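I open this notebook to record what I looked up in one structure. The entries follow the order of my search.

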Number of protein chains: 2
Amino acid sequence: MIGLSKLTSQHFQDDAVPLELLQQRAFNSRWAQQEADVIPLTAADPDFRICPAIRQRLVDYATEGVMSYGPPLGLPEFRSTVAQWFQSNRGITCGPEDVFATDSAAAGMAAIARASLEIGDEVLIPDPVDFLFEHTVQRAGGIPKRVAISYEMTAAEYIEELEKQLTNRTKMIWLCNPHNPLGRVFAAEWLRAVANWSIEHGLKILSDEIWSDIVYQPHVHTSVAALSPEIAQQTVTVYGFSKNFALAGLRVGCLICADPLWREQIVEAADAPSTVFGVSVLSQVAAIAAITDGGSWLTEFRQHLQDQRDYTVQRLSAWPETKVDVPQGTYVIFPRPTHPHIEELVEEMKRSAKVALVPGSARWFGPGAVGHLRICFATSRGILAEAFDRLDRFWAQS
Amino acid sequence: MIGLSKLTSQHFQDDAVPLELLQQRAFNSRWAQQEADVIPLTAADPDFRICPAIRQRLVDYATEGVMSYGPPLGLPEFRSTVAQWFQSNRGITCGPEDVFATDSAAAGMAAIARASLEIGDEVLIPDPVDFLFEHTVQRAGGIPKRVAISYEMTAAEYIEELEKQLTNRTKMIWLCNPHNPLGRVFAAEWLRAVANWSIEHGLKILSDEIWSDIVYQPHVHTSVAALSPEIAQQTVTVYGFSKNFALAGLRVGCLICADPLWREQIVEAADAPSTVFGVSVLSQVAAIAAITDGGSWLTEFRQHLQDQRDYTVQRLSAWPETKVDVPQGTYVIFPRPTHPHIEELVEEMKRSAKVALVPGSARWFGPGAVGHLRICFATSRGILAEAFDRLDRFWAQS
């Protein structure tokens, strides 16, 4: 049995999980949308309260009571804080003018797609990957071309797969790093090879780095835009505050785009200058607090998650004939049990074991996901242990 | 000199205006975007703190600290609170399922346009009206057809104008009630005549009622969807919390649509089911607090605004040859001074009198606005008096 690290903070202990509030407030297939006796390890959203420094900043700002219109691209303090953080923590050369506050990372991706694609333009996306990649390309009139990726695949192998899907309609490549649902963190050299190949073929790069704060030792996150000025000019980096700081409900993310013309097109495609699109100022204030004052909380959260990751891998080792890749980042794991119909398995687990998981179906992650399960382990040790105890009994009875 | 009503609350006195915070936080051509010595009577956004009950609810919710994903159409409590309020205060027959939480009224209108229009479809919009009407129709691929409207125009006269613009491509009519910038509140019989004409011609109705809480005695607001079940089925009502409760920065509004199929199309056009579109849960909580606990604050605010309206009309009567229609609702007024180039006049007023106003230009309100000024009077008496003192000196020197 893997114990909790001594560093694990009180914020992430069993009694820190606000179950009653989650049952009222956690939607997206989580507590508020499940039967009361079901444990949801579904949407990638933590079971913990947000960091105290963010709560305090929200309280202060709400008390001050001015909720006037914000500026279309984001509060000046938001843009400068994000830029400084990306500069010093990710090595991306950028200033406040390169930052655009978006109403979620997903909304940022949608604006990028609309700004960058014409009807019929093709986009190389990984298979598997979160459904929003395919969805967003299609909504913008583009055609997603799925490129098989795996936990082990080298850059050369991935480029070989990319080549197969490349046509004269290919306009962009979308990366997900760290990768949801594979849990893979791409190394700098891997990224450099893929980015250089992309630029050689005239493709613009979207790098979804919403998971980039959830990376486990000894892995480190590399922002593709930090690799060279040439890459930076062709890349837009998407970031958010939902996975790292549990702010999904506040709907705040951002993108960093060094090319002023492209950025202007994205901002215009978002319909931000008209005020039709924008981000709640209170949500931006939460994000500012996260960056400036959330560091130690985040370190503790990551430590807790690393312990949870190890524990999850250990518990999965008891499952019958189940392939498990150890996540290098993210707080999801993507095991492949031996079962002919994964959606039926998930239904059965929910019905009889009272544990809700996400099926690795083509709908959610692409055809490459079929046969897998996705399990979110961003909960307390007690809840996770109870879920695995239930699943052990489920397997024993199967 | 018109004094402040005895009812005017401490919330709206001169010392209640948080000038220092506004100078940091009020964008959209307001304090944070003007020279320090300029008084902005520009964007329709109050100079006051939000109502204490909303602040308290935000503080409580932030302290509780759960910011998980909300559901795509809005929090259940948001939808039920809004539905109940529209049912009891507007006489619209609706339930929670008819309500869709939107990231601003403007974003709601954009989703309605995308769901309801095909390329080249025509929409009858008033001239003048806020620029978002034209903008939003055009962004959805539709063609706005401007229909001249005035402060005095009867329904029969307006229908005559509508007839002139009606073609076999006309699909919708968009109403703005109370009307920005005319300040007109349309009477029930006026609305019934226009709505019946619209339905006879197979047009769907969008009713922008974001101003509907700011109506002055003896006028009363009528929701067009409350007039008959037939009208309700063809109408979507747009509402928000920016004008009434000063929550523009929180980006929260809603729409009420009784036709389930149409509503589903709107929700889909918004891209809400995918989570790409959504509203901050904290902003929804603020809106819930506004409806449930903000009533007495709103009554005081409206009383203050009615006093301000009367004072504004009195001060404008001293302007040389200026036509003034007394607003029946909204906190904007739309005088027409005698000046050949209204944009130059506005520039001159800002430069030499240090008062910023919105020019009645075609860009902001349509060709029917040319020659007018729009003045927002949602500030304290002292600030408004100072602005008019400056403008009096400006006219004296002109």
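How many aromatic pairs does a search of the whole structure find over all chains? I found 44 aromatic pairs. Rings of Phe, Tyr and Trp (its six-membered ring) pair if their centres lie within 6.5 Å; planes under 30 degrees apart count as stacked, over 60 as edge-to-face and the rest as tilted.

**Conventions.** I note that this is a predicted model, in which local features need pLDDT of at least 70, side-chain atom pairs count only at pLDDT 80 or more, and totals for chains, interfaces and linings use all residues. Residues are numbered from 1 along each chain as its sequence is written, chains are lettered from A and ligands numbered from 1 in the order in which they are written, and side-chain values use heavy atoms, with hydrogens and water left out.

**Aromatic pairs.** I looked up Phe245(A) and Trp297(A): the ring centres are 5.9 Å apart and the planes are at 20 degrees, so the pair is stacked. Phe245(A) is in the loop between strand E7 (235–240) and strand E8 (253–257) of chain A, and Trp297(A) is in helix H11 (residues 295–316) of chain A, 52 residues apart. Helices (H or I, at least four residues) and strands (E, at least two) are DSSP runs, numbered from the N terminus. Both Phe245(A) and Trp297(A) are buried, where buried means under 20% relative accessible area, exposed over 50%, and partly exposed in between (1.4 Å probe, protein chains only).

I then turned to Trp319(B) and Phe388(B), a tilted pair with 6.1 Å centre to centre and 55 degrees between the planes. Both residues, Trp319(B) and Phe388(B), are buried.

**Cluster.** I recorded one aromatic cluster whose members include Phe12(A), Phe48(A), Phe245(A) and Trp297(A).

**Cis peptide bonds.** I found a cis bond joining Asn180(A) and Pro181(A), with omega about 15 degrees. Pro181(A) lies in the loop between strand E5 (170–176) and helix H7 (188–200) of chain A. In chain B, a cis bond joins Asp127(B) and Pro128(B), with omega about 5 degrees. Pro128(B) is in the loop between strand E3 (122–127) and helix H5 (131–139) of chain B.

**Positive phi.** I noted that Ala246(B) is not a glycine, yet has a positive phi of about 60 degrees. Ala246(B) has 4% relative accessibility and therefore counts as buried. Asp271(B), also not a glycine, has a positive phi of about 70 degrees. At 8% relative accessibility, Asp271(B) counts as buried.
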